[in-house]
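Look over the sequence and the model below. We will walk through a cavity, a chain and a helix.

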Amino acid sequence: MSTESSNNEIYGILAEVRNPKELIDIARTVNKNGYKKYDTFSPFPIHGIDKAMSLQKSKLGWIVLGHGLLGFAGALAMIYFMMVYDYPLNISGKSLMNIPAWIPVTFELTILLSAFGAVFGMFFLNGLPRLNHPLFTSDNFKKATNDGFFICIEADDPQFEPDKVRNLLTEAGATQIEEIRDDS
Amino acid sequence: MSKTYEYVPEPALVKGNHDFSSINSLITDINLRPTPKGWYIAFGLSNLLLFVLLFSIGYLIWEGTGIWGLNQPVGWGWAIINFVWWVGIGHAGTLISAILFLFRQDWRTAINRFAEAMTIFAVMCAGIFPAIHVGRIWVIYWVFPVPNSMAMWPNFNSPLLWDVFAVSTYFTVSLLFWYVGLVPDFATLRDRIKSKMGKMIYGVAALGWRGSNRHWWNYEKAYMILAGLATPLVLSVHTIVSFDFAVSIIPGWHTTIFPPYFVAGAVFSGFAMVLTLMIICRKIYKLEDIMTVDHIEKMNLIILVTGSMVGFAYLMEFFIAWYGQVEYEKAIFILRATGPYAWAYWIMITCNVLSPQFFWSKKLRRNVAFTFFISIVVNIGMWFERFVITVTSLSTDYLPSSWGYFSPTIWDVLTYVGTFGLFFTFFLLFLRFMPMVAVAEIKGAMPQADPHNYDPETGDYSPQEIEIPEPNKESV
Amino acid sequence: MSDQKTNDTTYWKSLNELAKNKEYKKYAEREFPEDASELTDQVSRRSFLRVMGASIALAGFASCRKPVQKIIPYSKQPEDQVIGIPDYYATSMPFLGAVTGLLVENNEGRPSKIEGNTEHPASGGKTNIYHQAAMLGMYDPDRSRSPRNNGEQASYSDFASFASSHFEDVNRNILFISEANSSPTLQRLKESTGEQFPNSRWVTFEPFGDDNRLEGANMAFGQRLRAIPHFDNADVIVSFDDDFMTPSEHANSVENSRRLTAARKVRSTDDSMNRIYMAESGFSITGGFADHRLRLKTSEIEALVFALAGRLAEDVSGLSAFSGYRNDLTGHAWVETLAQELLDNSENSLLSAGQHHKPSVHAAIAAMNSALGNIGNTVTFHDLPHQGNESSITAFADAINQVQAGNYDTVVIIGTNPAFTAPADLRFSDALTNVETKIHLSEYVNETSALCDWHVNRAHFLEAWGDGRSYSGELSIIQPQIQPLFDGVSEIEFLHTILTGDSGSGYDLVQETWDDVFTGDFNNLWEQVLHDGIFAESGFEETNVSLSGNFGDEISPLLETSITDGIEITIKPDPRLFDGRFANNSWLQELPDPMTKITWDNVALMSPATAESLGLPRERSFSSNDVPVVRISAGDETIEIAAWVQPGHADNAITLYAGYGRENIGRVADGVGVNIYPLRTSNAPYYRPADVEATGQTYEVACVQDHHNLEGRDMVRAATLDEYRENPNFSSYESVHGYEVPGIKEAELDGDDNLAEGGPISLFDEKYGPDYQPQWGMSIDLNDCFGCGVCTIACQAENNIPVVGKREVKRRRIMHWIRTDRYYEGDEDNPGVYHQPVPCMHCELAPCEQVCPVAATVHSEDGMNQMTYNRCIGTRYCANNCPFKVRRFNFFNYTKEYLTTGDDPEIIQMAMNPEVTIRFRGVMEKCSYCVQRVNRAKIDSRKETGSRKPADGTVQTACQQACPADAIQFGDLTDRESVVSQTKMNERNYVMLEELNVRPRTSYLAKIHNPNPELT
Amino acid sequence: MAQIFPKWTNEAPRRILIGTIIILNAAVFGVWYFFSPEFTQVGYAPEQPVPFSHQLHAGQLGMDCQYCHTQVAESKHANIPATQTCMNCHNQIQTDSENLQPVRDSWENDEPIEWVRVHMLPDYAYFNHSAHVNVGVGCESCHGRIDRMEVVYQAEPLSMGWCLDCHREPEKHVRPVDEVTTMGYEVENQIEMGLELVAKQNINAPTYCQACHY
């Protein structure tokens, strides 16, 4: 909450609200005011906040699809190469292109790569892991993983002016407004 | 004719007067409190069993698979039985996380973390067996498609190879799924723990999670996709495990009913195992508010349903053996019920088919002690199911000259018992260091999490009254 | 040899060491002195050069890291020897006073496999289990390694110097006890002993010899003659307890089996078969093979023989001794039936009795054969030049009584082991204490050696020069395949030392004998004999016989038979260990008994009813190896032994096998089974009444087959000859089941089609091998197989199959690649029996292949199911998925245990076939159709003709080559003319489990019985 | 609240990722290279009891391989010559050479010379020389330029993959049978000639397991 250490660049202004409803409200207000670089924080995902914040549809689905196709095609190509092209062997007299037998492995690899896409794609989209973040300098912010609901308008936003932001947040009902500095 | 319908409201998921913060404390305090003495005792015992496992495996590798009771017709014994049993148990977690998630069963939040952890550890126990049961464990890497100077590849026609891919994929995806769920809770612990070391460890594990709703947005998407992927995966795994048997030509194995029958059995045993562990933990860790009797009842219903499915499968096997008129198939089923392994068969029937039928009674399925008892009985029964399938079929197959009886040795028993050491060692570590209930998820499922439950004027919490729709009097 | 210090190098560790061993070389050079003609003589030089040979091919274990390996070439290259290409030399195996001609495969100087000698009448290219197992017998590290004087190690020169002084006194009272031996050289030396030592006596002792047969002939014809049956000439064969197909029961079992099965080969409905009747007490393989079998106590069989003779006397002349004779069995249904059958087939029938029956029985049989005009056609009588009058248990008993009385100062025991095998009432061990000097020649330091002052280690027949006569008299040569591993001496060298005080060379001794035999150029004939292994046309002369005048008087007092109600024990030599002499041979110990399928034990065999009367269960538990133990008392002696229910055994009778219960012989024999010799007496060595009671104890028995019933399944298909003629396709799936194989598409066996085509429809487009490759297949004729088990031992020898021991057999982990399944059928008390050899079926659509995760078992282009040991990781899935359960898993490092135990494992390692990989722990193995032989033939054929298809008959699998019944055929299925193709086209051909559509390449020909309609 | 982690840790995940990729690749390459027979086997040149020079005998003197390895066309083994073979010449030339002392000793004492084996196949791999030299697989194809080796070393990996290279495409390697012992044999139209030879000699090099493993 301290506002000293002015030698550090300001990261943004963090404000707390009481509950999920207020978070949605304040997010909507901030969004309407044309801010782009802001974020809300809550201990669990809040139903409806995507609309309030005008969040774009996640690109994750495409990432997963790409990985899934890669897994599918890769598995088939691998099995074809090993069983038919590189070392064809007569196994139980079955034809080399014994496709029914390839289904399980193809399926599993499709799922596996899709899951990798989903998990690592999500982390990638979220910019995680990121262990150090200016917000962590705020003691109050710890509540974000407990029962705190926060909004932070970042200094990068072209409209960012500390006083205006403070006023906006206060008007919208936020408490515990503090300035976050990047303490490099 | 007319019929009236009564609207029965869903019971509240969390009992007691809890808000976010108290739920947060209720769960994470378990990890933050000093380690209780009882935990050390349990951990010591588990370690002892784990040592038994390691010793058994060491001796096995030193001496050879001959130390087990395997013989010429019965090439697969306890190792494969244990493998299938543990993998089956390992189905509950993903099932609860994924399928119930897709079906929007919010009650899963109380138990999913717990069940997923159990899944991971059960699959670890299971995974040991296919690896150690081979004759030459030092070349087991040949089952992986690794380029080598022999220019040889694995055989993709083999169900065992499918197993390798299925079980390792299942383990990996379950682990990822579990971890993704844990990330926000690690962040919670990071923010609550006092010690520097704890902060570092949970901090790394939480990957810098800060509860951003932009993150939650991708996160929920990922969770949904993972659930969508894990659902067919969990069905495929036991399907493929059942292929180990169904793709063969051994009477009693070679049957198309195996995939659904195995999956039902897996769910059956998995839920039983979750119940066993849950009933102990909710008592010890005083989580009755979260893991309520309603949860137990719901799970008992699933046990009743899957148990009956399994029983139906047993019946169908006999029916098909008769209907198919394959003499070897007929003989094997008659021998199962009346032959040298009849004792195992009737244990299986009693435990798996008869015992869950008690849950037709609402009173019994809400009885915690009785549920605990049945959950153990079911797991014993499911072990015997795998015994009956694996051993009896091999023991008396086509050529009567090759029939032979299987008797386990002490090493079969010790290896099996030892896996409990592995399981509980990991499980106790989990209970100690990780939140055993998905904190973020259960918060999200509380009525306080719903923005509609707040007064639009004051912004204070005021849960909405449930509107009871008018009974429709016209329709059937 | 005499100048050699014994404890220096009594044996050597490896070929390399031997090759470098100067002592040895001196010896070798001395044996073939500076005689140029001798050295150019390849045969005599061979044994020397062979062991000097290169040892690069000695099979080792699985690949290790990078050990430095040495190649030891010859210093002087022997001519005509190509390293890596085995040589074959003829020899013969002496057994029970007859020899069987063999051909021994040598790889770089070490014999590695024994086959039959096609030139030899006793073998005809075939062998029995003793011949096959002799290889391991020679490489047995437990054999005695040096002479011993009062238990202390000594050298042969010590013995020679002792002998020269001891036998200087030619007036000594010497008793020679030898085993039955047909060697002309031994006979010559035996005669010399008689001349040199006027006070000596020579008795021949065999615990299970054919003295009763000879005595019977003596009684009938006044001469001790050998009856030689010609089964191929007989249409009706009536055997009274004569198990002539079992090697332990008949010295000429191979020829008997060959001739008998030759007369039962049915290729078309026009062929005829002989008909075999068997009355017996135990259940023998001959009994199982017979068309009719009657179970009677041994003493009842005697009565049956006389009753039959009495009945025949009514219709034929020459049996006046029996006219009017009647006894309890005269009214038996068999008597009338047999009489009719024999009368209808007079001159073409054959009667015989087991060698454990009394002389009177054999005399009656001889008389009947004579009266029916069979003599000269189905049976011939021959005088044995080497057989004196002193070859019987009676003579031996008399001699031992003399010993007891102190009438001998020296006893020389040659080969035989009376301390173990002599009838108990003779108190042989006690008797020997009355003798000053006792000398014993034997392969092992055994029970008798322990009682003797001198033990001399005997050379194995594969290590020594010798000779002998086949059962029908053909002179045969025994030539060494390797220098004696432990410097043993043969019996002729031993006798030579006793006679002269010098150590003689067996080679010279044999040549000396044969010098008299040959009438032409010695060297040419000698070479011919060495090459052929036999001196042609030297069989015994047939003796014309007629009943002696006083036959009637002699036999009439013996016709009184007393049949008791109590239990009677019959003592027989063990089918595998014989009298115990093969007890240290682990191949034989682990060969399942042909009928009981028990390994590593002897048991008291009894019928279910007898077991019940003793309060024992009629059936053995499927889930336990425990069987009850009974106490058997006869006279003053009592033994305790496991009881085993043998369906088809005579009631109130127990069969016991001798040869077990040995101590301090070797690591294999010690402590296995129960010694039943104490129950034998010289008056009743074979059968006697006994008291039997259950002890309440149990004992674990290692039996390889736990279920004995076919459960109505169609693995074995059979019909009577009439049924076959009526419906030649009786063995087809449709005939057996009444409907077609599900989904079958008719096989179209017209001209150009591959035999393998046709069969059930499949989802898959199955692959067949390419045109340039042969397609291998096997056919097994169940009509020929009588279950002897030689295929198993031959396979074990050829394919380096380890022995696993009783503990592992109990756990059902026996490793044999070809097993013989034995099923009982019908009445539990008197069942029929089927033997079915089961090797790998080499299914074209092999279910084992698809389930292996690492492709360690796949199909070859020439249609074989290949097992690649070095790729196997040991999931055992293939074994599970094999419907025939022919795959064998190395649960432990069996081969390593087997090849590295003891102080000098290199010796057993030398018995290994260098062409076959030694399997290691954790891998699967199974029948490979002897791929090493197949590939060798293919490479040779490729080099010689450019074709990969060897000519039919050039490849024989080990089982096929050994089988005395010629039941197994193997060859190329793309060759329509090959024997196996022809056999498979026979209408009796069927495959097991046809409905699985796995398309086995191994098929069976259904069995045909030829029962007498009167008796069915 | 203070930051738990310093700022540089934000870069750590990327670095760890890149580092892991590099290490993994290095490990794969390392195993690939250092554990393959190409590295472990090729070049094995043990010291022999007699410093016999193939370079001299086969190279300079131009002796045919089969002068010493006489049974190569008949047997599975290409036999190491008996001492006798050495002595055929060396009882007349170089009779005093110190290097040849072991040979003379062997001859006089009739004790074999213990050569150290260079080309080692595992026991479960069956190789038959006669099956190869009789259809035109040159000595050189497996043993390398023996005529240039002062000390014989293993020139090829002798791994299963290496065997299969030729068994799958024999036309790239076969030569006329009378050229098998030729060193440095090379023709321009190898593939063309190879295909012709394969057809003429009915070569179908097997690639199924039991051709070599039993």
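The lining of the largest cavity has 17 nonpolar, 16 polar and nine charged residues. Here Ala, Val, Leu, Ile, Met, Phe, Trp, Tyr, Cys and Pro count as nonpolar, Asp, Glu, Lys and Arg as charged, and the others, Gly among them, as polar. The model is predicted: local features need pLDDT of at least 70 and side-chain atom pairs 80 or more, while totals for chains, interfaces and linings use all residues. Residues are numbered from 1 along each chain, and chains are lettered from A in the order in which they are written.

The volume of the largest cavity is about 720 Å³. Of its 42 lining residues, the closest to the centre are C:E179, C:E443, C:R458, C:R581 and C:F582. Helix 5 of chain C gives the largest share of the lining, four residues.

Now turn to chain B. It has 16 helices and zero strands. Helices (H or I, at least four residues) and strands (E, at least two) are DSSP runs, numbered from the N terminus. Of the 476 residues of chain B, 62% count as buried, meaning under 20% relative accessible area (1.4 Å probe, protein chains only).

Helix 9 of chain B covers residues 258-284. How many of its 27 residues are buried? The count is 23, so helix 9 is mostly covered. Its 27 residues should span 39 Å at 1.5 Å a residue, and the end C-alpha atoms are 38 Å apart, which agrees. The expected span is 1.5 Å times one less than the number of residues. Just after helix 9, B:K286 takes a positive phi of about 55°.

Methods. Side-chain values use heavy atoms; hydrogens and water are left out. Buried means under 20% relative accessible area, exposed over 50%, partly exposed in between (1.4 Å probe, protein chains only). On a 1 Å grid over the protein atoms alone, a cavity is a set of points where a 1.4 Å probe fits but cannot get out, and a pocket is an open set with protein on both sides within 12 Å along at least five of seven lines; lining residues have an atom within 4 Å of a point. Grid points are joined across faces, edges and corners, and a volume is the space filled by probe spheres set on the points.
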